[in-house]
Amino acid sequence: MFESKESRTELKSLGEFKLIDEITSSFKLENKSSIYGVGDDCAVLSYPDKKILVSTDLLVEGVHFDMVYTPLMHLGYKAATVNFSDIYAMNGKPKQITVGIAVSNRFSAEAIKEIYSGIEQACKNYHVDLVGGDTTSSLGGLFISVTVIGEAENDKSIVYRNGAKTNDLICVSGNLGASYMGLMILEREKTTWQANPNMQPDLAGNEYLLQRFLRPEARFDIHEILKAKKIVPTAMIDISDGLASELNHICSQSKKGCNVYEDKIPIDPETILVAEEFNINPITAAFNGGEDYELLFTIDQKDYEAVKDIPQISIIGHITDNEKEMSLITHDNVVVELKAQGWDSFRN
Ligand code: ADP
Ligand code: MG
């Protein structure tokens, strides 16, 4: 569906070491904690008085991304930023990544370089160093595994999923459901294109939603905003599987319940417009869509004044004592029980 590159260098003509050199040589180390990057058996890092956060995500072709509509540069960018998001969700800062890739000979050296140019762009934007990885062949499909290393200032600054207290305010950054509607558009265009490969995909006007899905950003700013206001969230998680699922993680791990309000859920007007085109309730996209990479967090009641006017943050509800009871209060004051799965019944 998206145009492929014209020049093509076969991976086996280049060889593993030349390929590694070509994809990694333009990366520069930025961080003090990166002592030694690519080139030896291990990278060397130094964190004398910090706590270290580590997380890995594995992306599998056909499961996590569809080569028909995923530009390789965006794939590289997204593979990096979704990992950064996990570090921000602990209230830390990402500093290094390692990247493992497995590729079949269906991919050219140019294709791999394109993935790496996306990774490099993400590393530059977020001041993260690529310090290593592994490169191997695959019999089918493309696999990308990214491990991110981040730092937390100290024990007290780390925010877990299990710290929410009764009456804490539930907050969310940015807006929800946009990424899911971006995916819906791409799936629709793919179906049209498969029926008639001469048809050009009609993606104009939906750039924001497509960007949210194909090239998501991680919320580096929330950490800074909260720090400036001296607020440490009581619990936090990033929204990768949809608001319902992430609320469920915070509530079950904190042994609490929650009330959230439909009219407080931040949804972009473009998401609403496209959801209507697809006959999807926008609130369903927000609760069950996923891949928003926004942050969901809880704060103490006393911090209400400090957050209520921050434009990047919406207060959507509060934590309750009723363990395992997650309620959505709709526009017309109906209380709907939220379930992480099978919650689609609300659609009507
Ligand atoms: P080893 O045999 O010890 O696994 P490699 O030859 O695989 O070493 O890797 C050589 C160097 O290149 C190492 O520093 C490794 O971290 C780095 N490297 C290998 N593949 C990648 C990759 N896909 N992305 C980034 N760095 C890589
Ligand atoms: Mg290796």
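Trainee: Is Tyr-293 buried or exposed?
Mentor: Tyr-293 is buried, because its relative accessible area is 9%. Buried means under 20% relative accessible area, exposed over 50%, partly exposed in between, with a 1.4 Å probe and protein chains only. Keep in mind that this is a predicted model: local features need pLDDT of at least 70, side-chain atom pairs count only at pLDDT 80 or more, and totals for chains, interfaces and linings use all residues. Residues are numbered from 1 along each chain as its sequence is written, chains are lettered from A and ligands numbered from 1 in the order in which they are written, and side-chain values use heavy atoms, without hydrogens or water.

Trainee: Where is Tyr-293 found?
Mentor: In the loop between helix H10 (282-288) and S10. Helices (H or I, at least four residues) and strands (E, at least two) are DSSP runs, numbered from the N terminus. Phi of Tyr-293 is positive, near 55 degrees, and the residue is not a glycine. Most residues other than glycine have a negative phi.

Trainee: Which residue with a positive phi follows H7?
Mentor: Lys-230, with phi near 55 degrees. Lys-230 sits in the loop between H7 and strand S8 (235-238). Lys-230 counts as exposed because its relative accessibility is 75%.

Trainee: And H7 itself, which residues are buried there?
Mentor: Asp-221, Ile-222, His-223, Ile-225 and Leu-226, in a helix that spans residues 220-228. Those buried residues pack against S4, S7, S10, helix H11 (304-307) and S11. Contact here means heavy atoms within 4.5 Å.

Trainee: S7 is on that list. Why is S7 called largely enclosed?
Mentor: Because five of the five residues in S7 (residues 169-173) are buried. Both faces are covered. Leu-169, Cys-171 and Ser-173 are on one side, with Ile-170 and Val-172 on the other.

Trainee: What does S7 pair with?
Mentor: Strand S10 (residues 295-299) is joined to S7 by four bridges, antiparallel. Strand S11 (residues 313-320) is joined to S7 by five, also antiparallel. Two strands pair if DSSP finds at least two bridges between them. Take Ile-170: its bridge partner in S10 is Thr-298, and in S11 it is Gly-317.

Trainee: Switching to the ligand. How many residues surround ligand 1?
Mentor: 16, and the closest are Gly-39, Asp-40, Tyr-116, Gly-133 and Thr-135. A residue is near a molecule if one of its heavy atoms lies within 4 Å of it.

Trainee: Which elements give two or more residues to the shell?
Mentor: Helix H2 (16-24), strand S4 (93-103) and strand S5 (129-137). The largest share, five residues, comes from S5.

Trainee: Last one: where does pLDDT stay under 50?
Mentor: Over residues 342-348, where the model has 18 contacts beyond four places in sequence. pLDDT is the predictor's confidence in each residue, from 0 to 100. Where it is low, the predicted coordinates should not be read in detail. The chain mean is 94, and 96% of its residues reach 70 or more.
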